[in-house]
Amino acid sequence: MEVEAPGQGEMEIVNNVMCLLTDPEGIPLGPAMYLPQNSGPQQLQQIVNQLLNNLCFFQEEKLPYAFYISDQELLVPLGTYLEKHKVSVEKVLSIVYQPQAIFRIRPVNRCSATIAGHTEPVLSVAFSPDGLHLASGSGDTTVRLWDLNTQTPLHTCTGHRNWVLCIAWSPDGKYLVSGSKAGELQCWDPQTGKPNGYPLNGHKKWITGISWEPVHLSAPCRRFVSASKDGDARIWDVALKKCVMCLSGHTLAVTCVKWGGDGMIYTGSQDCTIKVWETSQGKLIRELKGHGHWVNSLALSTEYVLRTGAFDHTSKRYSSPEEMKKVALERYNKMKGNAPERLVSGSDDFTMFLWEPFVSKHPKTRMTGHQQLVNHVCFSPDGQWLASASFDKSVKLWNGITGTFVAAFRGHVGPVYQISWSADSRLILSGSKDSTLKIWDIRTKKLKQDLPGHADEVFAVDWSPDGEKVASGGKDRMLKLWMG
């Protein structure tokens, strides 16, 4: 197929270049074709939309795409790019088209509220899947629920005997579970702030992570998995109010856990391994080895849709669990496409591995570059990018499909503890020991917004799934809300 350049008939000679358009997975969009060298992103948008026959079903607008050549975004005409990068026109030029979110998230730029309440450091913050509610866990042994409209405390959930280390909302928004340093878990009703039954006991040491069974696999949400310093992971049923399975096999502490969209559970451990479990009987089905030190963090490429279930930026409500399950499954399948679910692990050995556990027990790639331990890893909501936070004070950006290094964001003057993405996959939020939050722009690869305000280390950050708000908490015991 040849695309004719405008005005070619009027003696203006435009050289053509042979291009092959592929999706992020490397699947070609038809055969290679000659494109005029004066074609830029705008012309490529039209071609891709034409070839895919794309029209948004709710608006007469073409879908937006970004274009990449060798992991660099194409922002100029092809000719200019080829000249600048001294690329030979003899070879076929491979151009990756990447779908962009139809909606745009405004970068937050101001602190809209500083809310006192916790009497010890805030260790975790989490927005509900619909983005309407916020919870925090603290060293003062309480979980607090906050009213985002009035920006004031709503409920104080008491019952834990020690620091609340982690919290997790069920993807249908009906429950909140918290885990403490004493090893017990508590399920709460977010509407009332009251406990949903007695504390769940079984772990012998503190809780390091909690992850819910995805709503597209089971609705209403009933099961979640917890990881503990005691070396076990346990599956609990909130309806039965008890532990239904114990996943034993790690020889040291389990540091992180994820319940995948295919129904598998992934656990990362200080024994340097990642184990994959099936959830009908709790059998170990695969072991992922490669790290030379503790595994600190795990992330799934589908995590954003697993966390938000049936909720998206339109704030639609659902009348039944069945409807919710159906919509959540559609969202999951659309996000995942034909590719397998990807997993990334970050470690004390300064490296990360990208895995496709469904396909192989061997890593797809090893990602090096951090000079200190990798503290937190996180896929963008669209799964195309991967961000990592490290004690080396940097946030690094990687290609979420190939694991190729893209950029380093430097600006923090202390270790970076946690990161969170904007819902449109265009911005990264980071919180650091240096007492600041920072927002980084994927497109420019630069700092977008510096958010000072905390009086001490920032331990926890979260960007609401609806993109409107950011929450942060830390050593100064304050919960801060930030808006655009």
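Reader: Let me start with Lys326. Is Lys326 buried or exposed?

Author: Lys326 counts as exposed, at 56% relative accessibility. Buried is under 20% relative accessible area, exposed is over 50%, and partly exposed lies in between, using a 1.4 Å probe and protein chains only. This is a predicted model, in which local features need pLDDT of at least 70 and side-chain atom pairs count only at pLDDT 80 or more, while totals for chains, interfaces and linings use all residues. Residues are numbered from 1 along each chain as its sequence is written, and side-chain values use heavy atoms, leaving out hydrogens and water.

Reader: With which residue does the side chain of Lys326 meet in a salt bridge?

Author: The general idea is a side-chain nitrogen of Lys or Arg within 4 Å of a carboxyl oxygen of Asp or Glu. Here Lys326 meets Glu330, with 3.4 Å from N to O. The two sit four residues apart in helix α4, so about one helical turn separates them. Helices (H or I, at least four residues) and strands (E, at least two) are DSSP runs numbered from the N terminus. Glu330 is partly exposed, at 45% relative accessible area.

Reader: Which residues do salt bridges with shared partners join into one network?

Author: Lys275, Glu287 and Lys289 form one such network. Within that group, Glu287 and Lys289 bridge at 3.9 Å, N to O. Glu287 is partly exposed at 27%, whereas Lys289 is exposed at 54%.

Reader: How many salt bridges does the rule give?

Author: The count is 19. One of them joins Asp130 and Arg317, whose closest N and O atoms are 3.2 Å apart. Asp130 lies in the loop between β7 (122-127) and β8 (133-138), and Arg317 in the loop between α3 (303-308) and α4 (321-336), so this pair ties together parts 187 residues apart in sequence. Asp130 is buried, with 12% relative accessible area, while Arg317 is partly exposed at 48%.

Reader: Let's turn to strands. In what order do the four strands of the open sheet run?

Author: Two strands pair if DSSP finds at least two bridges between them. In this open sheet the order is β11-β12-β13-β14, with antiparallel pairing. Its edge strands, each pairing on one side only, are β11 (164-169) and β14 (194-195). The antiparallel pairing of β13 (residues 185-189) with β14 has two bridges, and Trp188 stands opposite Pro195 of β14.

Reader: How many residues of β19 are buried?

Author: Six of the six residues in β19 (254-259) are buried, so the strand is mostly covered. Five bridges join β19 to the antiparallel strand β20 (residues 265-269). Lys258, for instance, has Tyr266 in β20 as its bridge partner. The hairpin of β19 and β20 has five residues between the strands, and there Gly263 takes a positive phi near 95 degrees.

Reader: Which side chain has a polar atom 3.1 Å from the backbone oxygen of Gly263?

Author: That is Thr279. A polar contact is a pair of N or O atoms within 3.5 Å; within protein, one must be able to donate a hydrogen and the other to accept it, and residues adjacent in sequence count only if both atoms are side-chain atoms. Thr279 is located in the loop between β21 (274-277) and β22 (284-288), and is buried at 11% relative accessibility. Contact means heavy atoms within 4.5 Å. Beyond neighbours within four places in sequence, the contacts of Thr279 are Arg223, Ile235, Met245, Trp259, Gly263 and Ile265.

Reader: How many disulfides are there?

Author: A disulfide needs two cysteine sulfur atoms within 2.5 Å, and the count here is zero. For Cys246, the nearest cysteine sulfur is that of Cys243, 5.9 Å away. Cys246 is partly exposed, at 33%. The sulfur of Cys272 is 12 Å from the closest cysteine sulfur, in Cys256, which is too far for a bond.

Reader: Which residues have the most contacts inside the largest nonpolar core?

Author: Such a core is a set of buried Ala, Val, Leu, Ile, Met, Phe, Trp, Tyr and Cys residues joined through side-chain atoms within 4.5 Å. The largest has 20 residues, and those with the most contacts inside are Val177, Leu185, Ile210, Trp212 and Phe224. At least two residues each come from β11, β13, β15 (207-212) and α4. Another core lies apart, with 19 residues, including Leu21, Val48, Phe67 and Ile69.
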